[in-house]
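Subject: Structure for your review

Dear colleague,

Please find below the structure that I am handing over to you. My findings follow it, and I would be grateful if you would read them alongside the sequence.

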Amino acid sequence: MANRLDSAGLTFRQDYFDDPTGWAALVCLLKDIFGIDIGPLQQLGGPDPSSMPFGWFDATGELAANISAFALPFVINGRVVHAAGLQSGAVRPQWRGRGLYRDLTVKALDWCEQQGFEAVILYTDKPSLYEPYGFRSIPLHRYEGAAPAPSTPGAPALPLSPTNADDLALLQSLLKARSPVSTTLSVTTNAAMFLINTQLDPDIRVSFLKDQQAVIAWKIDEAGRFNLLDVVAAQIPTLAAIVGGLEMAPTAVEVFFRPDKLGWAGVPRPLESGTRLMLQGLGDVAPASPAMLSPMADF
Ligand SMILES: CC(C)(COP(=O)(O)OP(=O)(O)OC[C@H]1O[C@@H](n2cnc3c(N)ncnc32)[C@H](O)[C@@H]1OP(=O)(O)O)[C@@H](O)C(=O)NCCC(=O)NCCS
């Protein structure tokens, strides 16, 4: 792999989400490389306003290489960390091996430092790409166990569709005022990721429990278990209130974050996934108990 940067024929740009052609070039890159479509984000309130993309464009306006930084404050062991996230890291195959990704990674990390972020986090299936920059993997755990007896439901749960304007407004107001879903490890706010993640997995259900003023992101997995993915509320309801409110009576439950606010104790299990959560900064801090970030915060 070349150590020098070869960017012949390319132009560097930064901060191009307000330019419709720049945004479209990123949508196209992510479709081509990862097969995911973030285009619908424009109808869901747009990309995170703190986003700062870095990219190399070719002469036709196609994005050859990209990485985006954005503010991603999170809670770890009860402390709010002023952190940035890195996402959408990709180089088109014909432009690989020229140092473009290293160049963008360095630029993005320099920007994070200038902005005063105290930590940077990212997800990757290639940890060795980031270890040279001081990133380390954080082990991730989900929780499983028997379902609690459901509380008596109040008002019936309302299914929400983020593409419906009224539902989107309700979701956005709750996302703005949400409490961290876990004090061990969770994001504080990240409306854009929550909203786009509702569109990327067709099995995800989003339900509003009016009595609790809580939005529940959930699904039923292949084994028929109730999977609790996230809870968006100023006050997190108990798991008994959640399953009761959804009028479900599951036998087994899996919770995809540490359930320290749910009034329920499951057993932690390592998350089987090829993707790692990596953290740069904060010394050797790690979650004090097994934990993971909600899949609705995936970025
Ligand atoms: C991974 C990817 C971004 C590398 O792009 P690239 O332009 O070839 O990377 P560069 O030429 O800038 O090389 C940067 C460094 O990464 C290393 N690298 C490249 N591909 C790698 C891989 N698949 N796994 C681990 N390290 C890799 C290079 O050896 C180089 O190391 P060096 O700085 O010590 O010389 C590109 O192959 C890609 O887009 N892959 C598909 C999407 C993806 O995996 N994105 C990253 C996910 S977080």
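How many residue pairs are in polar contact between domain 1 and domain 2, with both residues at pLDDT 80 or more? The count is 6. Please bear in mind that this is a predicted model.

Domain arrangement

Domain 1 is made up of residues 11-140 together with 273-290, while domain 2 covers 142-270. The C-alpha centres of the two domains are 26 Å apart.

The interface between the domains

On the side of domain 1, 25 residues are in contact with domain 2, which contributes 26 residues of its own. Between them the two domains bury about 1800 Å², and carbon and sulfur atoms account for 70% of that area. Of the area that domain 1 buries against domain 2, 33% is supplied by L44, V75 and P290, more than by any other three residues.

Strand β4 (residues 74-76) provides 3 residues, the largest share of the side of domain 1 that touches domain 2. Sorted by class, that side of domain 1 holds 16 nonpolar, 7 polar and 2 charged residues.

The ligand

There are 20 residues around the ligand, and V91, G97, G99, R102 and K126 come nearest. K126 places a polar side-chain atom 2.4 Å from an oxygen atom of the ligand. A polar backbone atom of G89 is 2.9 Å from a nitrogen atom of the ligand, and a polar backbone atom of R98 is 3.4 Å from an oxygen atom of the ligand.

Salt bridges

The count of salt bridges comes to 15. One of them joins the side chains of R98 and D6, with an N to O distance of 3.8 Å. This pair links distant parts of the chain, 92 residues apart: R98 belongs to the loop between β6 (83-91) and α2 (100-114), whereas D6 belongs to the segment before β1 (11-14).

With kind regards

Methods. Residues are numbered from 1 along each chain as its sequence is written. Side-chain values use heavy atoms; hydrogens and water are left out. Domain bounds come from an automatic or database domain assignment. Contact means heavy atoms within 4.5 Å. Buried area is the accessible area (1.4 Å probe) that two parts lose on being put together, summed over both. A polar contact is a pair of N or O atoms within 3.5 Å; within protein, one must be able to donate a hydrogen and the other to accept it, and residues adjacent in sequence count only if both atoms are side-chain atoms. Helices (H or I, at least four residues) and strands (E, at least two) are DSSP runs, numbered from the N terminus. Ala, Val, Leu, Ile, Met, Phe, Trp, Tyr, Cys and Pro count as nonpolar, Asp, Glu, Lys and Arg as charged, and the others, Gly among them, as polar. A residue is near a molecule or strand if one of its heavy atoms lies within 4 Å of it. A salt bridge is a side-chain nitrogen of Lys or Arg within 4 Å of a carboxyl oxygen of Asp or Glu.
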